[in-house]
Amino acid sequence: MSELHRFLFEGLPVRGSIVRLTDAWQEILARRRGSSGGEWPHPVVELVGEMAAAGALMQSNIKFNGALVLQIFGDGPVKVAVAEVQHDLTLRATAKVVGPIQANASLADMVNVSNKGRCAITLDPKEKFPGQQPYQGMVPLWGDKHEKIARMSEVLEHYMLQSEQLDTKLILAADERVAAGLLIQRLPAAGENNLAGSMVSKENEDQIGVNEDYNRIATLAGSLTRQELLELDVDTVLRRLFWEEKLMRFPSQRPAFACTCSRDRVSNMIRGLGRDEADSIVAEQGEIDVSCDFCGQQYKFDAVDAAQLFAPPGDQPPVSSEVQ
Ligand SMILES: [Zn+2]
């Protein structure tokens, strides 16, 4: 069972969370294997798994009522990688691979060949008022001296420091069975923070990099190897790293795979293409056949269905009993 645990270090301005995606992650990979795109090479499995684990950790930290979406827009053989986590920790993830990937490909080899890869973090509210845009922050995949960043965890650490002014230590790992992550974060000096409304204050800024409690705990967390993170259960990891600290643990949560695609959403997408484009696809291929990149679900629209999409309201036939 996939699990996520949040905890506080008693009396210290430090919080943490740890996630192990097992069944949820295996479901994502199984659906991928069964899709026309086929199985991902191992480095892509690692990248997408780390993004899924990080997305779950970040969502559980801010408890945002909507979707938290981590996206990498790559300039190499992986064109895009996405992990999307809802408020209830249901999640989905995918990647688009457009070129060959070496067995030992690094993050840069996959998505940052000419240092033009980017990472976007989007918060898309569940209930939007008219015209409301999702909040989006973007970071490059290079560090302070334009050097290429080697790990997904570092990209996100940079993001948290830049946008939230919060020291964050992140350890991520994934293989074909588990996607896991450990996050340690210094609590803001005052008040609550979240990704959308960041805690930018002098008091908080002064604490960056100098809080001794945070530094000690982050160093302990940093001693965890990726292999240990993949293999050990949550209690063992926390005990080994923090046996000298007082942890206050919250009830555990259960992340799960779920896809938010629907025939309605696909219909809207086809409407977005416009009537002419839709008609020409039907003329060429006999139908419009869309399959979801996340879950593999197929949605087919024949000529009659397609025409219906563009019929004026009030001109719809009675609801059919056919199950979609
Ligand atoms: Zn889907």
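Guide: Helices, of at least four residues, and strands, of at least two, are DSSP runs numbered from the N terminus. This model is predicted.

Visitor: Where is Asn 65 found?

Guide: Asn 65 sits in the loop between helix H2 (42-62) and strand E3 (66-73).

Visitor: Why is Asn 65 called partly exposed?

Guide: Its relative accessible area is 44%. Buried means under 20% and exposed means over 50%, so a value in between counts as partly exposed.

Visitor: What is Asn 65 in contact with, leaving aside neighbours within four places in sequence?

Guide: Asn 65 is in contact with His 87, Pro 125 and Lys 126. Contact here means heavy atoms within 4.5 Å. Glu 127 is 62 residues from Asn 65 along the chain, and their C-alpha atoms are separated by 8.3 Å.

Visitor: Which residues are the protein donors of the zinc ion?

Guide: Cys 259, Cys 261, Cys 292 and Cys 295, each through SG. They lie 2.2 to 2.3 Å from the zinc ion, and the cut-off for a donor is 2.8 Å. Their spacing along the chain is C-x1-C-x30-C-x2-C.

Visitor: Why is the zinc site called tetrahedral?

Guide: The angles among its four donor atoms are 104 to 116 degrees. Four donors count as tetrahedral if all angles lie between 85 and 135 degrees. So the site is tetrahedral.

Visitor: What makes Cys 295 count as buried?

Guide: Cys 295 has 11% relative accessibility, and buried means under 20%. Cys 261, at 21%, counts as partly exposed.

Notes:
Residues numbered from 1 in each chain as written. Predicted model: local features only at pLDDT ≥ 70, side-chain atom pairs only at ≥ 80, totals over all residues. Heavy atoms only, no water. Donors = N, O, S within 2.8 Å, 3.2 Å for Na, K, Ca; no water. Tetrahedral: all angles 85-135°; square planar, octahedral: opposite > 155°, others 65-115°. Buried < 20%, exposed > 50% of the residue type's maximum accessible area, 1.4 Å probe, protein only.
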